[in-house]
Amino acid sequence: MAIPFIKEFEPQYGELVRVSPLISRIVARNPGPFTFRGTGVYVVGHDEVAVIDPGPDMPEHLEALKRALAGRRVTHILVTHCHSDHSPAAKPLKAWTGATTYGFGPHGSGQDDGPKVEAGGDMDFVPDVRVKDGDIIRGKDFTFECVYTPGHTSNHMCYALKEEKALFTGDHIMGWSTTVVTPPDGDMADYIKSVEKLEARDDRTLYPTHGAPVTDPKPFLAAYREHRLDRERQVLDAIRDGLTTIPKMVERMYAAVDKGLWPAASRSVLGHLIKLEREGRVTNTGGAYRLAA
Ligand SMILES: [Zn+2]
């Protein structure tokens, strides 16, 4: 089942653009292989607003945010997770506005055995309010429900806007691409469970941080989950055919993909292998993977 990716998305950098009655978006100029056209910062509400994932700490972006939010009162800052393209602008935004910040916790806080350090993580962000699954955040014109979705990172939180049956999915679900699941903070078993969690919900529109909204969530999510299970089957097939190392598996599984993405692909394959090892389906002896007897 091919994922029905949405690739059409031409942002007006630095401009606040209305995308629904309650939601506007401003895109930062930080395009790249993992950020697509850049970080989409969502502004929810009318005169009193919540800002979701304020974005990277870039002077041009901070200036644009300031301009866009002039005349409105920012009461809430919601953070989906602590990657450098999502959370760092929370600090300056809080400094100007005095808004309260919300998130699951600092980077790595969803790990059982304490925080881990990885490249790209924003280690500085600590929310004023630590939210957990099912918590409700109320503002003047909006009500959010917190939906805990570990996998991409261990502290990843989605936020459901009740008034519009909209779900802000951060990097958990992206319309234009699959997401990176990088161990140790990323966890493939958690990730797949968190996709299934959204499949059981009834959200009308998904708003990822990168790219266009997903307006038909059910088939999209099903394809997204199937894609991971396909990759898992490919890993098992590769091992069965005697490819015992990650580079060999990547070479076969990602033959059609640009080699520049192979390092990220290796991390995803590692994510699958950790899951399979934990499930007792694969063994690892000195970096050589074999099917469990
Ligand atoms: Zn991320």
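**Exercise 1. Helix α2**

Which elements do the buried residues of α2 pack against? The model is a predicted one.

Solution. 
Step 1. Helix α2 covers residues 90–97, and its buried residues are Ala90, Pro92 and Leu93.
Step 2. These residues span an arc of only 165 degrees around the axis, which puts them on the same side of α2.
Step 3. On the face turned away from that buried side sit the exposed residues Lys91 and Ala95.
Step 4. The packing partners of the buried residues are β4 (48–52), α1 (59–69) and β5 (73–78).
Step 5. Just after α2 comes Gly98, with a positive phi of about 75 degrees.

**Exercise 2. Helix α1**

Find the buried residues of α1 and the elements they pack against.

Solution. 
Step 1. In α1, the buried residues are His61, Leu62, Ala64, Leu65, Ala68 and Leu69.
Step 2. The arc they cover around the axis is only 160 degrees, which places them on the same side of α1.
Step 3. Pro59 and Arg67 are exposed and lie on the face of α1 turned away from its buried side.
Step 4. The buried residues of α1 pack against β2, β3, β4, β5 and α2.
Step 5. Gly71 follows α1 and has a positive phi, near 90 degrees.

**Exercise 3. The zinc site**

Identify the donors of the zinc ion and classify their arrangement.

Solution. 
Step 1. The coordinating atoms are NE2 of His81, ND1 of His83, NE2 of His152 and OD of Asp171, at 2.2 to 2.3 Å.
Step 2. Along the chain, the donors follow the spacing H-x1-H-x68-H-x18-D.
Step 3. Ideal angles for four tetrahedral donors are 109.5 degrees.
Step 4. To count as tetrahedral, four donors need all angles between 85 and 135 degrees.
Step 5. At this site the angles subtended by the 4 donor atoms run from 89 to 166 degrees, so the arrangement is irregular.
Step 6. Of the coordinating residues, consider His81 and His83: both are buried.

**Exercise 4. Two helix pairs that share α6**

Determine how α3 and α4 are each oriented relative to α6, and list the residues that meet.

Solution. 
Step 1. The axes of α3 (residues 188–199) and α6 (residues 262–278) come within 8 Å and cross at roughly 95 degrees.
Step 2. Angles of 65 to 115 degrees count as roughly perpendicular, and α3 and α6 are therefore roughly perpendicular to each other.
Step 3. From α3, Met188, Ala189 and Ile192 meet Ser268, Gly271, His272, Lys275 and Arg278 of α6.
Step 4. For α4 (residues 217–240) and α6, the packing angle is about 80 degrees and the axes are 10 Å apart.
Step 5. That makes α4 roughly perpendicular to α6.
Step 6. The α4 residues Arg228, Arg231, Glu232, Val235, Leu236 and Ile239 meet Ser268, Val269, His272, Leu273, Lys275 and Leu276 of α6.

**Exercise 5. Backbone exceptions in loops**

Locate Phe36, Lys165 and Pro184, and state the backbone feature of each.

Solution. 
Step 1. Most residues other than glycine have a negative phi, and most peptide bonds are trans.
Step 2. Phe36 has a positive phi, near 55 degrees, and lies in the loop between β2 (23–27) and β3 (40–45).
Step 3. With a relative accessible area of 8%, Phe36 is buried.
Step 4. Lys165 also has a positive phi, near 50 degrees, and is placed in the loop between β10 (157–161) and β11.
Step 5. The relative accessibility of Lys165 is 39%, so this residue counts as partly exposed.
Step 6. Pro183 and Pro184 are joined by a cis peptide bond with omega of about 10 degrees.
Step 7. The loop that holds Pro184 runs between β11 (166–170) and α3.

**Exercise 6. Surroundings of Ser154**

Is Ser154 buried or exposed, and which residues does Ser154 touch?

Solution. 
Step 1. Ser154 belongs to the loop between β9 (143–148) and β10.
Step 2. Buried means under 20% relative accessible area; Ser154 is at 5% and therefore counts as buried.
Step 3. Leaving aside residues up to four places away in sequence, Ser154 touches Phe104, Gly108, Ser109, Gly110, Gln111, Tyr148 and Asp185.
Step 4. Ala222 is 68 residues from Ser154 along the chain, and their C-alpha atoms are separated by 22 Å.

How values were computed. Residues are numbered from 1 along each chain as its sequence is written. This is a predicted model: local features need pLDDT of at least 70, side-chain atom pairs count only at pLDDT 80 or more; totals for chains, interfaces and linings use all residues. Side-chain values use heavy atoms; hydrogens and water are left out. Buried means under 20% relative accessible area, exposed over 50%, partly exposed in between (1.4 Å probe, protein chains only). Helices (H or I, at least four residues) and strands (E, at least two) are DSSP runs, numbered from the N terminus. The arc is that of the directions from the helix axis to the C-beta atoms. Contact means heavy atoms within 4.5 Å. Donors are N, O and S atoms within 2.8 Å of the metal (3.2 Å for Na, K and Ca); water is not among the atoms, so sites may look incomplete. Four donors count as tetrahedral if all angles lie between 85 and 135 degrees; four count as square planar and six as octahedral if opposite donors are over 155 degrees apart and all others between 65 and 115; anything else is irregular. Axes are lines fitted to C-alpha atoms, for helices over the stretch in contact, and angles run from 0 to 180 degrees between N-to-C directions. Angles under 35 degrees count as roughly parallel, over 145 as roughly antiparallel, 65 to 115 as roughly perpendicular and the rest as oblique.
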